[in-house]
Amino acid sequence: EQRAVSQAATQVWKAIVQNTPRTLKEIMPILIRRIITNLASGSDEKVHVASRCVRELVEKLGARAMQDLMPHFEQSIKSDKALIRKGVCIALKAVFDAASKDLIRDHVTYI
């Protein structure tokens, strides 16, 4: 079922979006805010989906995703809210699972 949903979503994306890199660049700030919100939601399902999203962004976009994600995570880890800090830690684990050591070394400067 999950594979069918993924395939359907891909077909819709390809039918609607003419320039994927440009579209991703435009929506990335909103996507990152949504990811952090979902990671901090306390909902197991939202946390799982957001974590998988981070992992897939890093796997598919590599350095480009890291350049976009890491400044937001660095800022959010300083939050007064424990759930947000916890969400960033979950996101960082997803990054570490998906990225090469070189990619991590090049983009994670505050750990």
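Is D68 buried or exposed? D68 is buried, with a relative accessible area of 16%, where buried means under 20% relative accessible area, exposed means over 50%, and partly exposed covers the values in between, with a 1.4 Å probe and protein chains only. The model is predicted, so that local features need pLDDT of at least 70 and side-chain atom pairs count only at pLDDT 80 or more, while totals for chains, interfaces and linings use all residues. Residues are numbered from 1 along each chain as its sequence is written, and side-chain values use heavy atoms, with hydrogens and water left out.

D68 is placed in helix α4; helices (H or I, at least four residues) and strands (E, at least two) are DSSP runs numbered from the N terminus. Apart from neighbours within four places in sequence, D68 is in contact with M28 and I32, contact being defined as heavy atoms within 4.5 Å. Both M28 and I32 are among the buried residues of α2.

Helix α4 covers residues 63–76, 14 residues in total. From its first C-alpha to its last α4 reaches 20 Å, close to the 20 Å expected at 1.5 Å a residue; the expected span of a helix is 1.5 Å times one less than its number of residues. At L69, α4 bends by about 30 degrees, and the proline P71 follows within four residues. The bend at a residue is the angle between axes fitted to the seven residues ending there and the seven starting there. The buried residues of α4 are A65, M66, D68, L69, M70, F73 and S76. These buried residues pack against α2 (20–39), α3 (44–61), α5 (82–98) and α6 (101–107).

Helix α2 has 20 residues, but its end C-alpha atoms are only 25 Å apart, short of the 28 Å that a straight helix would reach at 1.5 Å a residue. A kink of about 50 degrees lies at I27 in α2, shortly before the proline P29. P29 itself counts as partly exposed, at 35% relative accessibility. The C-alpha atoms of P29 and L69 are separated by 8.7 Å, although the two residues are 40 residues apart along the chain; L69 is the residue at which α4 bends. Buried residues in α2 are T23, L24, M28, I32, I35, I36, N38 and L39, and what covers them includes α1, α3, α4 and α5.

I36 is found in helix α2 and counts as buried at 11% relative accessibility. Not counting residues up to four places away in sequence, I36 touches H72, F73, S76 and I84. The C-alpha atoms of I36 and G87, 51 residues apart along the chain, are separated by 6.4 Å. S76, in helix α4, is buried with a relative accessible area of 14%. With residues up to four places away in sequence again left out, S76 touches I36, I84, R85 and V88. R85 lies in helix α5 and is partly exposed, with a relative accessible area of 32%.

The largest pocket holds about 1000 Å³ of space. On a 1 Å grid over the protein atoms alone, a pocket is an open set of points with protein on both sides within 12 Å along at least five of seven lines, whereas a cavity is a set of points where a 1.4 Å probe fits but cannot get out; lining residues have an atom within 4 Å of a point. Grid points are joined across faces, edges and corners, and a volume is the space filled by probe spheres set on the points. The lining has 25 residues, of which A9, C53, E56, L57 and K60 lie nearest the centre of the pocket. Helices α1 (2–16), α2 and α3 each supply at least two residues of this lining, and the largest share, nine residues, comes from α3. By class, the lining has 14 nonpolar, five polar and six charged residues. Ala, Val, Leu, Ile, Met, Phe, Trp, Tyr, Cys and Pro count as nonpolar, Asp, Glu, Lys and Arg as charged, and the others, Gly among them, as polar.
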